Structure formats: structure tokens, C-alpha cells
Amino acid sequence: MEGGAFDGARAAELTAELRRSFDSGRTRSYEWRAAQLKGIARMIEEKEADIMAALHDDLAKPQMESFLHEISLAKASCTFALKELKRWMKPEKVPASITTFPSSAVILPEPLGIALIISAWNYPFFNLTHVGPTLMGKWNYVSEFRLLSIDPVIGAIAAGNAVALKPSEVSPATSSLFAKVLPTYVDNSCIKVVEGSISETTVLLEQKWDKIFYTGSKNVGRIVMVAAAKHLTPVTLELGGKSPVIVDSNVNIKVTAKRIAVGKWGSNNGQACIAPDYILTTKAFAKTLVDALKITLDKFYGKDPLESADLSRVVNDKHFSRLTNLLNDQNVSGTIIYGGQWDEKRLKIAPTLLLDVPHDTLIMDEEIFGPVLPIITFEKIEQCFDFIQSKEKPLAAYLFTKDKKLEEKFVQTVSAGGILINDTGLHFANPHLPFGGVGESGIGAYHGKFSFDTFSHKKAVLSRSFAGEASARYPPYTQQKQKI
Ligand code: NAD
């Protein structure tokens, strides 16, 4: 969208245009959906260098991380949707019931209409979603990534909706790249990008949408839900939370340390919704774990991590002050056992480990969303479970153990958006699993077919012939009929 302030009148114009386009019926066809998905795939391929540059401007993101976590295979999300689309669109035949005999019944997925997608800044383009055979031919390791902004757009288009995307103003380079480039690859009367911050989002939220998909903090999630309630608009809220990691003593400690470290610092330097927020372990095992994490971090980022090109910076001054204030708390600063350095000019904070931070500190209350990792110890591993259960339900919960009974207990008793055993972050990577929160970490889910479902209404369709008349159904309800 170009020219002038984006106010209520422009928001109303935009929704009216989207609604006209949707009502014309053209977003419903397989051909339209497939053409838009192909356009997005082409955009990602042709604009890879610009995307890398924008991500570097916004986050000083290492190229490899941009490639692995954001760029490489958002195309794969399109490819996956394109491959599955015909199957997803098919009516699902369900059994007829004796009461309706003779009849046939199907569930027909239909587009909801016009969808608003509001996204967060931390993975402004893509997100890791799949580990498997490489699509690019270059890497054997991680091979499917999605855009945090574009991934829900892919779902909305696959489901046949018209869409407006509002990327985050906190990653301005990526947001403006989206606004400039996306409309040139897709049907611009049905797919729009609106740049802006609170005021633009507020006027967008005042409009009547058929679906709102929001990724971000829970406080704004509440604002979104209140706005949606006015029009009874369904919402998906992809929120955050404090994702815990339990480390048992029965583990491969080297692999454990590497997988925790890459999930925390190798992912936007901790600025990821499913990054480990804190570790829980036993007092007896803490030293082994801390030593292994220190060795791993030294190997990953060297003795002077602020100089490492492999660590993203903090996104802006506001988040930098928030994080350094958390560390400056007297009750916290004394618990730093590794790291703790920062460079205000370059907005860099080194990977930092804290041991046995008091539980009533702010850092143990709010989502850290940065490179600081507290380790909390208990006498017994079971107490770690109680600790998690005393908190709000997290977006992700991780357990490292070889003990199958402990694993079973974790899976059965810990409630979280998703659970991962013996790794971090990678559950996000399976497009056959739903990704979303529970309780305060979110409402609804997406990825793969779940994205399609999130933006679809499952319409119940029952079809009868004129045969099969049962007179008992119709008044007058004579005594004879009541005997049947
Ligand atoms: P945020 O809530 O500050 O911003 C998200 C979006 O909301 C932005 O587009 C912003 O413009 C808009 N916004 C901000 N304030 C608003 C207001 N008062 N009224 C209307 N709109 C407003 O979140 P963020 O800082 O961009 O992202 C960080 C949070 O997002 C963390 O909690 C993180 O865990 C969560 N997150 C979740 C996921 C997920 O998939 N579940 C992914 C990434 C981030």
C-alpha cells in the first residue's frame, strides 16, 4: 500500500477491495491458488539475495542461519502445499447415518473469506520447519524452512482466501521488502501487504475480517482477541512463553549440550519463540551439564563471542535494555557463571548462563527472548515436573533423557504447545505436526495441512434424494406413529 497515512478510511477501502475480490469467486479455484503459491516460490528464489540482506539489516543474522532458518526452503512450504493442495481441497466423504437414509455426506473445506495476518519480527521471513532430504542440493542437514510471515499467507492462499499481511515494524528492512516485492509476484487485488505499527494494526483490527491470524506477544494477543470478538471473527494466536528444558543425568551429555546450545543461541541468539527459556536439572548433575555447555559455547562462538559473526544481535534498543535490565537485577547478576558481556553500540549480548537464579526474579517470570539461559536445580528430577506445572503452559517443553519411563511421564503429564525429547526446536520442523500453543502460549495451530485447516471452514454437506420418506417424522404425531 502506498501514499498517505494508513487510517481507518484506507483500512476500510482495503477490506472492501479484498471482499469484492473474494466475492468474485476467483480465489476459490485450484488454478488461482496454485498460481499464487508458485508466485511466492518464485519470489523466494529470485529475491534470495535481497532477503538475506534485509535479514542482515534487521538482525545482523548470520548468512548460514538466514539460509537455514529463513530462506532456504520456504519454497518447500509452497512446494508442500502445491503437492498436497488437490488432496486438501477434496471433499471428505463420511458415513451416512441410518436416520438420514438414503443420503450421502461429505465435509467440504471452504475458504473463510478475507484474512488478516499480523506477524512478529523475530523470524520476519522464514522459519525452520523440516529436517529431511535437501531440496537445494547443497546441504544434507536442515532442509525445509518457512517464513513466519509468509507461512500463514501460504496457508490462507491454499485455503482460497483473500489476505492482508501486516509484517512487524520491528524488522523494517524485511517488512519493506515484503511490501515492495510480494505484490509483484501474486494477484494484488486479493493479496495485500500493509506496513505499519500499532496505529495501522489498530485500524486494520477495527475492520470486519473472516479470520485473524496473529503471531506475537500475549499482551497484544489479548488486544487482537478483543477486536475479533466484536465481529465474532475466529482467531489463531501464535504466542510465546517460557519454554523449559529438563536435563536428566541419563543422557549423552555432549549431544545434549550441542542441541541445547543450537536451539538457544543458534536461533536468532535466543530471540525465537521456541528457544529454550530455562533449564531444570538436578543439583548432582548441574556441574556436568554446565561444563559441557561452556565447552560447547567456546567451540561455537570462541572466547570473544561479541566478535562472533555467527551470533545475531538483539533486534533493537528497547529489547537490548530489557535484557540488560534483567541481568542487572542484583539477584540475577551474582548468578552469572558464563558470558554476561554486552556491547550497547552494536546491540550484542554474549551467550550467558545463570545458575540457580532465585525463582521470584523477573527473569524467571517473563519470557527471556534473548541469549540468557538460567539453570535451576532441584534435589530430584521429579521436582522439575512440578516446577513446570506450577507455571503457565509453555509453547514448547523439552526433555533430555535415555530413561523411557521418565520420557513417558513427561509426555503424559507436561502440558505444552509441543513436546520434544532429546532435542530443541525441531518439532517445528515436521509439517505433519501441528504447531501452536496451549493456554497462555496460544490458540489454534498451523503448518502443512493444519495451516490449510486454520483458514478453512469445514462445511457439513448432506445430500438426500426424494426417496426414503418416513411418515413418523411428520405431524400429526398420531398414537399409531408414536408406537413405532
Ligand atoms: P508484538 O506483540 O510486540 O508484535 C507483534 C505484532 O503486533 C506486530 O506486527 C506489531 O506491529 C503488532 N502490535 C504491537 N503492539 C500492538 C498493539 N498495541 N495493537 C495492535 N497491534 C500491535 O510481538 P513481537 O515482539 O514482534 O514478537 C515477540 C513475541 O512473539 C514473543 O512473545 C514470541 O514468543 C512470540 N512469537 C511467537 C511465535 C509463534 O509461532 N508462536 C513466533 C514468533 C514470535
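**Labels and the numbers behind them**

User: What makes Glu238 touch Tyr214 and Thr215?

Analyst: Some ground rules to begin with. This is a predicted model, where local features need pLDDT of at least 70 and side-chain atom pairs count only at pLDDT 80 or more, while totals for chains, interfaces and linings use all residues. Residues are numbered from 1 along each chain as its sequence is written. Now, two residues are in contact if their C-beta atoms, placed from the backbone, lie within 7 Å. Leaving out residues up to four places away in sequence, Glu238 touches Tyr214, Thr215, Gly436, Gly437 and Gly442.

User: And why is Glu238 called buried?

Analyst: The label needs 20 or more other C-beta atoms within 10 Å of the residue's own; 12 or fewer would be exposed, and anything in between partly exposed, with C-beta atoms placed from the backbone. Glu238 has 26 C-beta neighbours inside 10 Å, so it counts as buried. Its place is in strand β9, residues 235-238. A strand here is a DSSP run of E with at least two residues, a helix is a run of H or I with at least four, and both are numbered from the N terminus.

User: Which residues does the "active site" annotation cover?

Analyst: Glu238 and Cys273, according to the unreviewed UniProt entry. They are spread over 36 residues of sequence yet cluster in space, with a largest C-alpha distance of 9.2 Å. A caution: UniProt positions are given in the numbering used here, feature names are shortened, and annotations may be inferred rather than shown by experiment.

User: Is Cys273 buried or exposed?

Analyst: Buried, because 30 other C-beta atoms lie within 10 Å. Cys273 sits in the loop between α10 (253-264) and β11 (278-282). Beyond its neighbours within four places in sequence, it is in contact with Asn122, Gly240 and Leu395.

User: Which residues come nearest to the ligand?

Analyst: Of the 28 residues around it, Ala120, Thr201, Gly216, Gly240 and Cys273 do. To be near, a residue needs its C-beta atom, placed from the backbone, within 6 Å of the molecule. α8 (198-206) gives the largest share of that shell, three residues.

User: How many residues of each class does the shell have?

Analyst: There are 12 nonpolar, 12 polar and four charged residues. Nonpolar means Ala, Val, Leu, Ile, Met, Phe, Trp, Tyr, Cys and Pro; charged means Asp, Glu, Lys and Arg; the others, Gly among them, are polar.

User: Why does Leu232 count as exposed?

Analyst: Leu232 has 7 C-beta neighbours inside 10 Å, so it counts as exposed. It is found in the loop between α9 (218-230) and β9. Leu232 also has a positive phi of about 50° although it is not a glycine.

User: What makes Asn422 partly exposed?

Analyst: With 16 C-beta neighbours inside 10 Å, Asn422 counts as partly exposed. Its phi is positive too, about 65°, although Asn422 is not a glycine.

User: How do you know that β1 and β20 stand at the edges?

Analyst: The open sheet of three strands has the order β1-β2-β20, with antiparallel pairing. Each of β1 and β20 has a single partner strand, so one side is left without a neighbour in the sheet. Two strands pair if DSSP finds at least two bridges between them, and three bridges join β1 to β2.
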